[in-house]
Amino acid sequence: RKVDEAERWLEGLGDAPGVVALNCIIDGYARAGSLERAEAAFESMRRRSLEPNASTYNSIIKAHAQAGDAEGAMQRFAEMRRRGMQQDVVSYTSIISAYAGVGDMARARGLFDAMREADVQPNL
């Protein structure tokens, strides 16, 4: 599988991969439906003394959303805010999708309203 190949490539780099490479790996794991691997790659950033950026958080939020883990997505969304990162339309779309995906339409609507209040415009 491509995910396994990517993991071997990442391991072969040792401490070399930077934020951009790890963001790509996290996004790939998210697309492959591997939340556990996405979280492991996310946590490996800290072990490598790398700071996750907004793209990193958007990818891990998306990974949780695709796995049906709305609460995990919200934890990462809140962590992003605590770290002072700007939440954009991608951040909000992912968290809204997470709650809509588990059938919590009230929470999804509340987040949509919060997005508008934050002056983040949906891209329809």
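This is a predicted model: local features need pLDDT of at least 70, side-chain atom pairs count only at pLDDT 80 or more; totals for chains, interfaces and linings use all residues.
Me: How many salt bridges does the structure hold?

Reply: A salt bridge here needs a Lys or Arg side-chain nitrogen within 4 Å of an Asp or Glu carboxyl oxygen. By that reading, the structure holds nine.

Me: Let's start inside a helix. Which residue forms a salt bridge with Asp27?

Reply: That's Arg31, with the closest N and O atoms 2.8 Å apart. Both sit in helix α2 (residues 19–32), and because they are four residues apart, about one helical turn separates them.

Me: Are the two partners buried or exposed?

Reply: Buried means under 20% relative accessible area, and exposed means over 50%. Asp27 is at 18%, so Asp27 counts as buried, whereas Arg31 is exposed at 62%.

Me: Now for a link between helices. What does Arg76 form with Glu43?

Reply: A salt bridge, with 2.9 Å between the closest N and O atoms. Arg76 belongs to helix α5 (residues 70–82) and Glu43 to helix α3 (residues 35–47), so this pair links distant parts of the chain, 33 residues apart. Arg76 is buried at 9% relative accessible area, while Glu43 is partly exposed at 28%.

Me: And where do Arg46 and Glu79 lie?

Reply: Their side chains meet in a salt bridge at 2.4 Å, N to O. Arg46 is in helix α3 and Glu79 in helix α5, so they tie together parts 33 residues apart in sequence. Arg46 is partly exposed at 34%, and Glu79 is buried at 13%.

Me: Which residues do shared partners join into one network?

Reply: Glu39, Glu43, Arg46, Arg76 and Glu79.

Methods
Residues are numbered from 1 along each chain as its sequence is written. Side-chain values use heavy atoms; hydrogens and water are left out. Helices (H or I, at least four residues) and strands (E, at least two) are DSSP runs, numbered from the N terminus. Buried means under 20% relative accessible area, exposed over 50%, partly exposed in between (1.4 Å probe, protein chains only).
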